[in-house]
Amino acid sequence: LEVKLSMLARMAASRAKLLNSVESMELCNDKLMSQVKLNSASIRTPYSFTMQNPEDVEKIVAYMEEAGKLKYPTIVKTLRGTHGIGVMKVDSRSSLVSVSQMLLKEGIEFMVQEFIKHEQSARIIMIGKNVLAANLRGQAKEKDEFRTNSHLGSETEQYHPSPKEIELGEKIVELFGCEFCAIDYIMV
């Protein structure tokens, strides 16, 4: 990702016309910073937290459970990744601890995120304040799959977002400073 962003920064410095700024693309590719940005604008996202030190994982997990902020199943999501790769559903404390310790030992940044049961997600693709396309994605029926990414076999269908969804999409485009933006969200 850093190489791609460096190339785009160089193109921008050469006055090439880019639809999105390098800064907005960097923000959109960082799941944690995207979530912070959305939450700062009062846009609800699943509750999440990060961990930095493998030696502290067990204490942090115990604390979050006691505070009622962590229930199972939960999601472990790498901060960078696409097509559902790096998104793991964890069903127990022991699995969460071992997965977290391994990721931290390998230097892979991640967040632990509230699992919200759902069967569909939506994607709206915006050009400025206009909807270019939208679709619904369902969980792959022939697999035991909790993710709704089309790359993982989910069925997709055309979708017509509500005025409220379009208004929220416009707000996100403005918030992230994008001209071209794909916005994904779960349907509950």
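**Sheet, helix packing and backbone features of the predicted model**

In the antiparallel arrangement of β6 (residues 130-138) and β7, the two strands are joined by three bridges. Within this pairing, Arg137 has Thr156 of β7 as its bridge partner. Strands are DSSP runs of E of at least two residues and helices are runs of H or I of at least four residues, both numbered from the N terminus; two strands are taken to pair if DSSP finds at least two bridges between them. The structure is a predicted model, in which local features need pLDDT of at least 70 and side-chain atom pairs count only at pLDDT 80 or more, while totals for chains, interfaces and linings use all residues. Residues are numbered from 1 along each chain as its sequence is written, and side-chain values use heavy atoms, with hydrogens and water left out.

Strands β6 and β7 belong to an open sheet of four strands, ordered β7-β6-β5-β8 with antiparallel pairing. Its edges are formed by β7 (156-158) and β8 (180-187), each of which pairs on one side only. On average, neighbouring strands of the sheet are turned by 25° against each other, direction ignored. Helix α6 (residues 163-176) lies across β5 (120-127), β6 and β8, and runs at about 130° to β8. Axes are lines fitted to C-alpha atoms, for helices over the stretch in contact, and angles run from 0 to 180 degrees between N-to-C directions; contact denotes heavy atoms within 4.5 Å.

Helix α3 (residues 31-40) has Ser34, Gln35 and Leu38 as its buried residues. Viewed down the axis of α3, these residues fall within an arc of 100° and therefore line one face of the helix, the arc being that of the directions from the helix axis to the C-beta atoms. Residues are termed buried under 20% relative accessible area, exposed over 50% and partly exposed in between (1.4 Å probe, protein chains only). The buried residues of α3 pack against α2 (22-28), β1 (48-50), β4 (110-114) and α6. At the N-terminal end, α3 is capped by Asp30, with a side-chain oxygen 3.1 Å from the backbone nitrogen of Leu32.

Ser24, in helix α2, is buried, with a relative accessible area of 3%. Residues up to four places away in sequence aside, Ser24 touches Phe176, Gly177 and Cys178.

Arg15 lies between α1 (2-13) and α2 and is exposed, with a relative accessible area of 78%. Ser42 is located between α3 and β1 and is likewise exposed, at 71%.

Notes. Polar contact = N/O pair within 3.5 Å; in protein donor to acceptor, adjacent residues only side chain to side chain.
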